[in-house]
Amino acid sequence: MQRNIADKKTVATFLALLGLLLLYPSMESLYPLLPPLLGIVYVKWRDALYRQDYFWLMAWMLYAVVLESVWSLPLYGIWTIMLVTFTMFDPKITYLLHTRTLINVISVIVFDLLYLAFAYGYGSLMHTKIVDFDLILLYYFLVDIIGVILF
(Lines give C-alpha, C1' and ligand atoms only; values in the text may rest on other atoms or scores of the structure.)
Protein backbone atom coordinates (compact mmCIF):
# COMPACT_ATOMS: atom_id res chain seq x y z
CA MET A 1 0.00 0.00 0.00
CA GLN A 2 1.39 3.38 -0.96
CA ARG A 3 1.06 6.53 1.07
CA ASN A 4 0.51 9.91 -0.47
CA ILE A 5 2.79 12.86 0.24
CA ALA A 6 0.42 14.38 2.81
CA ASP A 7 0.59 11.22 4.92
CA LYS A 8 4.38 11.20 4.73
CA LYS A 9 4.55 14.82 5.89
CA THR A 10 2.19 14.09 8.77
CA VAL A 11 4.22 11.08 9.88
CA ALA A 12 7.48 13.04 9.61
CA THR A 13 6.02 15.95 11.60
CA PHE A 14 4.68 13.58 14.25
CA LEU A 15 8.02 11.77 14.64
CA ALA A 16 9.95 15.04 14.84
CA LEU A 17 7.52 16.34 17.43
CA LEU A 18 7.75 13.12 19.42
CA GLY A 19 11.53 13.38 19.41
CA LEU A 20 11.35 17.00 20.50
CA LEU A 21 8.89 16.30 23.28
CA LEU A 22 10.44 13.16 24.71
CA LEU A 23 14.11 13.04 23.81
CA TYR A 24 15.28 16.64 24.05
CA PRO A 25 14.15 17.35 27.65
CA SER A 26 15.69 14.05 28.76
CA MET A 27 18.96 14.90 27.03
CA GLU A 28 18.91 18.34 28.66
CA SER A 29 18.92 16.78 32.10
CA LEU A 30 21.99 14.73 31.20
CA TYR A 31 23.91 17.41 29.31
CA PRO A 32 23.66 20.81 31.01
CA LEU A 33 24.96 22.63 27.93
CA LEU A 34 21.70 21.86 26.10
CA PRO A 35 19.47 24.81 26.99
CA PRO A 36 15.84 24.24 28.00
CA LEU A 37 14.64 26.78 25.40
CA LEU A 38 11.88 28.16 27.61
CA GLY A 39 11.75 31.52 25.86
CA ILE A 40 11.55 29.95 22.42
CA VAL A 41 8.77 27.66 23.64
CA TYR A 42 6.88 30.68 24.94
CA VAL A 43 7.17 32.59 21.65
CA LYS A 44 6.14 29.55 19.60
CA TRP A 45 3.22 28.91 21.97
CA ARG A 46 2.11 32.54 21.68
CA ASP A 47 2.36 32.44 17.87
CA ALA A 48 0.30 29.23 17.76
CA LEU A 49 -2.29 30.88 19.99
CA TYR A 50 -2.52 33.89 17.67
CA ARG A 51 -2.84 31.60 14.62
CA GLN A 52 -5.37 29.42 16.47
CA ASP A 53 -3.26 26.38 15.63
CA TYR A 54 -4.32 24.15 18.49
CA PHE A 55 -2.09 21.23 17.53
CA TRP A 56 1.10 23.26 18.03
CA LEU A 57 -0.41 25.03 21.03
CA MET A 58 -0.87 21.71 22.78
CA ALA A 59 2.51 20.45 21.58
CA TRP A 60 4.34 23.37 23.21
CA MET A 61 2.30 22.96 26.38
CA LEU A 62 3.17 19.26 26.46
CA TYR A 63 6.85 20.12 25.98
CA ALA A 64 6.63 22.43 29.00
CA VAL A 65 5.11 19.72 31.20
CA VAL A 66 7.68 17.12 30.11
CA LEU A 67 10.47 19.63 30.76
CA GLU A 68 9.13 20.38 34.23
CA SER A 69 8.84 16.72 35.11
CA VAL A 70 12.33 15.83 33.84
CA TRP A 71 14.02 18.80 35.57
CA SER A 72 11.93 18.42 38.78
CA LEU A 73 10.54 21.92 38.44
CA PRO A 74 7.21 22.98 39.95
CA LEU A 75 4.47 21.44 37.83
CA TYR A 76 2.52 23.89 35.65
CA GLY A 77 4.81 26.76 36.62
CA ILE A 78 5.79 27.35 33.01
CA TRP A 79 2.12 27.39 31.99
CA THR A 80 1.35 29.90 34.71
CA ILE A 81 4.15 32.24 33.66
CA MET A 82 3.15 31.81 30.00
CA LEU A 83 -0.38 32.95 30.79
CA VAL A 84 0.77 35.84 32.99
CA THR A 85 3.23 37.06 30.36
CA PHE A 86 0.68 36.65 27.57
CA THR A 87 -2.16 38.47 29.34
CA MET A 88 -0.30 41.14 31.28
CA PHE A 89 2.84 42.02 29.34
CA ASP A 90 2.42 41.05 25.68
CA PRO A 91 -0.40 43.53 24.95
CA LYS A 92 1.76 46.36 26.28
CA ILE A 93 4.84 45.15 24.41
CA THR A 94 2.99 44.83 21.10
CA TYR A 95 1.36 48.24 21.62
CA LEU A 96 4.73 49.94 22.18
CA LEU A 97 6.79 48.07 19.60
CA HIS A 98 5.90 47.22 16.04
CA THR A 99 8.87 45.11 14.92
CA ARG A 100 8.21 41.37 15.24
CA THR A 101 11.80 40.50 16.17
CA LEU A 102 11.96 43.18 18.83
CA ILE A 103 8.60 42.08 20.26
CA ASN A 104 9.85 38.48 20.45
CA VAL A 105 13.13 39.47 22.12
CA ILE A 106 11.42 41.66 24.74
CA SER A 107 8.82 38.94 25.35
CA VAL A 108 11.54 36.35 25.93
CA ILE A 109 13.38 38.66 28.32
CA VAL A 110 10.18 39.31 30.31
CA PHE A 111 9.20 35.63 30.30
CA ASP A 112 12.63 34.38 31.40
CA LEU A 113 12.90 36.96 34.18
CA LEU A 114 9.38 36.19 35.41
CA TYR A 115 10.07 32.46 35.43
CA LEU A 116 13.33 32.99 37.29
CA ALA A 117 11.51 35.12 39.88
CA PHE A 118 8.81 32.45 40.12
CA ALA A 119 11.37 29.69 40.65
CA TYR A 120 13.16 31.65 43.37
CA GLY A 121 9.90 32.62 45.03
CA TYR A 122 8.61 29.06 44.93
CA GLY A 123 11.91 27.77 46.30
CA SER A 124 11.90 30.19 49.21
CA LEU A 125 8.24 29.47 49.94
CA MET A 126 8.78 25.71 49.98
CA HIS A 127 12.27 25.87 51.54
CA THR A 128 13.86 24.08 48.60
CA LYS A 129 16.43 25.11 46.06
CA ILE A 130 14.89 25.09 42.59
CA VAL A 131 17.49 27.07 40.63
CA ASP A 132 21.08 28.01 41.41
CA PHE A 133 22.30 31.41 40.37
CA ASP A 134 25.09 30.40 38.01
CA LEU A 135 26.65 31.42 34.71
CA ILE A 136 24.74 28.62 33.00
CA LEU A 137 21.56 30.68 33.47
CA LEU A 138 23.13 33.52 31.52
CA TYR A 139 24.06 31.05 28.79
CA TYR A 140 20.44 29.75 28.67
CA PHE A 141 19.18 33.33 28.54
CA LEU A 142 21.47 34.22 25.61
CA VAL A 143 20.55 31.05 23.72
CA ASP A 144 16.85 31.91 24.15
CA ILE A 145 17.37 35.41 22.76
CA ILE A 146 19.53 34.26 19.84
CA GLY A 147 17.11 31.40 19.10
CA VAL A 148 14.14 33.74 18.97
CA ILE A 149 15.99 36.05 16.61
CA LEU A 150 16.97 33.18 14.31
CA PHE A 151 13.70 31.26 14.38
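By class, eight nonpolar and three charged residues, with no polar ones, make up the lining of the second largest pocket. Keep in mind that you're looking at a predicted model.

To see that lining, select Leu 20, Leu 37, Ile 40, Val 41, Lys 44, Asp 47, Arg 51, Trp 56, Trp 60, Tyr 63 and Phe 151. Two elements, H2 and H3, each give two or more residues to it. H2 has the largest share, with five residues. The volume of this second largest pocket is about 180 Å³.

Next, head for the largest pocket, which holds about 700 Å³ of space. Its lining counts 26 residues; pick Pro 36, Leu 116, Val 131, Leu 137 and Tyr 140, which lie nearest the centre. Helix H1 (5-30), H3, H5 and H6 are the elements giving two or more residues to this lining. Which element gives the largest share of the lining of the largest pocket? That's H6, with six residues. Sorted by class, the lining of the largest pocket has 18 nonpolar, two polar and six charged residues.

Now for the loops. Select Gln 52, in the loop between helix H2 (38-51) and helix H3 (54-71). Gln 52 isn't a glycine, yet its phi is positive, about 60°. Is Gln 52 buried or exposed? Its relative accessibility is 55%, so Gln 52 counts as exposed.

Last stop: His 127, in the loop between helix H5 (100-126) and helix H6 (135-150). Here too is a residue other than glycine with a positive phi, near 60°. His 127 is exposed, with a relative accessible area of 73%.

Terms used: Residues are numbered from 1 along each chain as its sequence is written. This is a predicted model: local features need pLDDT of at least 70, side-chain atom pairs count only at pLDDT 80 or more; totals for chains, interfaces and linings use all residues. Side-chain values use heavy atoms; hydrogens and water are left out. Helices (H or I, at least four residues) and strands (E, at least two) are DSSP runs, numbered from the N terminus. Buried means under 20% relative accessible area, exposed over 50%, partly exposed in between (1.4 Å probe, protein chains only). On a 1 Å grid over the protein atoms alone, a cavity is a set of points where a 1.4 Å probe fits but cannot get out, and a pocket is an open set with protein on both sides within 12 Å along at least five of seven lines; lining residues have an atom within 4 Å of a point. Grid points are joined across faces, edges and corners, and a volume is the space filled by probe spheres set on the points. Ala, Val, Leu, Ile, Met, Phe, Trp, Tyr, Cys and Pro count as nonpolar, Asp, Glu, Lys and Arg as charged, and the others, Gly among them, as polar.
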